[in-house]
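Here are some friendly notes to read alongside the structure. Please keep the 3D view open and find each residue as it comes up.

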Amino acid sequence: MSSFNETRTRPTVHDDFVRMLVLETDEQHPDDHNERGTFGDVFDSLFKKAGDEHDPPLGIETVSRFVVEDKGGSVPKIEDMEDVHAILITGSMYDAHGDDPWILKLVDLIQTLWQNRPDIRFSGVCFGHQILCRALGAKIDATPNSKWELAHVPITLTPIGSRLFNNPPNGKIHLHQMHQDHVVYPPSSSTTPLLPEQNDRDIHVWGSSETTEVQGVYIRKRLFTTQGHLGFDKDMVHRQIEMRLEAGSIDVEKDRKELENARDTAEWEHDGVVVAGAIVRFFHGDDDEI
């Protein structure tokens, strides 16, 4: 595929590599863009690090495409996807349950690819996690009491989650969060004809937090999503909060407790590389027996 909205990176020099298409669903804060590039650049850097730590090391080639048509992007067409086998959808300030024309086109693309391209593996982060689950019939809505989940958050893993993340200590991982919406329930055969009933046993929620029961969904060989932001650092956390304060989506008084917690924990180390490594193994097919 080729487009003026598309950028491409060379794979790191290893004998084997994973090639992924990153669908960018928003723009970075200007300061973050100056320091780290687009969201696609952030994932390229993170996944290259995870690829280097893979055994044996894996190269990562990233093709990034900006899809927000209100801002000059374009959602790819099915015919653009012939050589695509791994897709990651980024986070966004847009609502995954919204009816913006580009969001509806993205949902339609996901559904069409899911039905017609069983070789494609999907991953998504925050908005990406929610839009993939929406495309498979899950409900996306505000969290209870519209509570924000911000910055460093512990996630309790299910048995499947522990296996995906190589059995971390205490059965937990930690990721930065930046959301007020959540996946109310995971997709299943009852939510979409795209998931036959016999596949329900292969659909797993891999972890939960105090605020968000569905922190990620795993379907063997098809889907691996995460509500948490594996690519965020402290500066991105602070600036993403700043953008939401300016937009009025975070209320200084109502959300005071969550804001204070975010400012206290934004500098804490989290498990972004661990999660990136698990998604790399998913794209590469290493964990197909899980």
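1. **The main core.** The largest nonpolar core has 39 residues, and the members that touch the most other members are Ile-87, Ile-89, Trp-102, Leu-106, Phe-122, Phe-127 and Ile-131. Several elements each give two or more residues to this core: the strands β2 (16-24), β3 (58-66), β4 (86-89) and β11 (216-219), along with the helices α3 (101-116) and α4 (127-135). Which element gives the most? Helix α3 does, with eight residues. Please bear in mind throughout that this is a predicted model.

2. **A closer look at Trp-102.** Setting aside neighbours within four places in sequence, Trp-102 is in contact with Thr-25, with the run Val-67, Val-68, Glu-69 and Asp-70, and with Val-75, Tyr-94 and Phe-127. In soluble globular proteins, nonpolar side chains tend to be buried together.

3. **The whole chain.** Now zoom out. The protein chain holds eight helices and twelve strands, and its C-alpha trace spans about 50 × 40 × 40 Å along the principal axes. Why can we call the overall size that of a compact globule? A globule of 290 residues would have a radius of gyration near 19 Å, and the chain has 18 Å, so the two agree.

4. Of the 290 residues, 56% are buried. The chain exposes about 12,700 Å², and carbon and sulfur atoms supply 47% of that area. Among contacts with a separation of 6 or more, 77% are between residues 24 or more positions apart. As for charge, there are 29 positive and 51 negative charges, and their mean positions are 2 Å apart.

5. Is Thr-265 buried or exposed? Thr-265 is buried, because its relative accessible area is 3% and the cut-off for buried is under 20%. Thr-265 sits in helix α7 (residues 256-265). Not counting residues up to four places away in sequence, Thr-265 touches Ala-151, His-152 and His-176. Gly-277 belongs to helix α8 (residues 272-284), and its 11% relative accessibility makes Gly-277 buried. Gly-277 also shows how folding brings together parts of the sequence: Gly-277 and Ala-50 are 227 residues apart along the chain, yet their C-alpha atoms are separated by 4.9 Å.

6. Gly-248 is found in the loop between α6 (234-247) and α7. With a relative accessible area of 54%, Gly-248 is exposed. Ala-138 is in the loop between α4 and β6 (140-142), but Ala-138 is buried, at 8% relative accessibility. What does Ala-138 contact, leaving aside neighbours within four places in sequence? Its contacts are Cys-133, Val-183, Tyr-185, Pro-186, Pro-187 and Thr-191. Ala-138 and Phe-39 are 99 residues apart along the chain, and their C-alpha atoms are separated by 25 Å.

7. Most residues other than glycine have a negative phi, and most peptide bonds are trans. The peptide bond from Asp-55 to Pro-56 is cis, with omega near -5°, and Pro-56 lies in the loop between α2 (39-53) and β3. Cys-126 is not a glycine but has a positive phi of about 55°. Cys-126 is in the loop between β5 (121-125) and α4, and its 5% relative accessibility counts as buried. Asn-166 also has a positive phi, near 60°. Asn-166 lies in the loop between α5 (159-164) and β8 (172-179), and Asn-166 is exposed, with a relative accessible area of 52%.

Definitions and conventions:
Residues numbered from 1 in each chain as written. Predicted model: local features only at pLDDT ≥ 70, side-chain atom pairs only at ≥ 80, totals over all residues. Heavy atoms only, no water. Helix = DSSP H or I, 4+ residues; strand = E, 2+ residues; numbered from the N terminus. Rg over C-alpha atoms; globule rule 2.2 N^0.38 Å. Buried < 20%, exposed > 50% of the residue type's maximum accessible area, 1.4 Å probe, protein only. Contact = heavy atoms within 4.5 Å. Areas by Shrake-Rupley, 256 points an atom, 1.4 Å probe, with all protein chains shown as cover. Lys, Arg positive; Asp, Glu negative; His and termini not counted. Charge placed at Lys NZ, Arg CZ, Asp CG, Glu CD. Core = buried A, V, L, I, M, F, W, Y, C linked by side-chain atoms within 4.5 Å.
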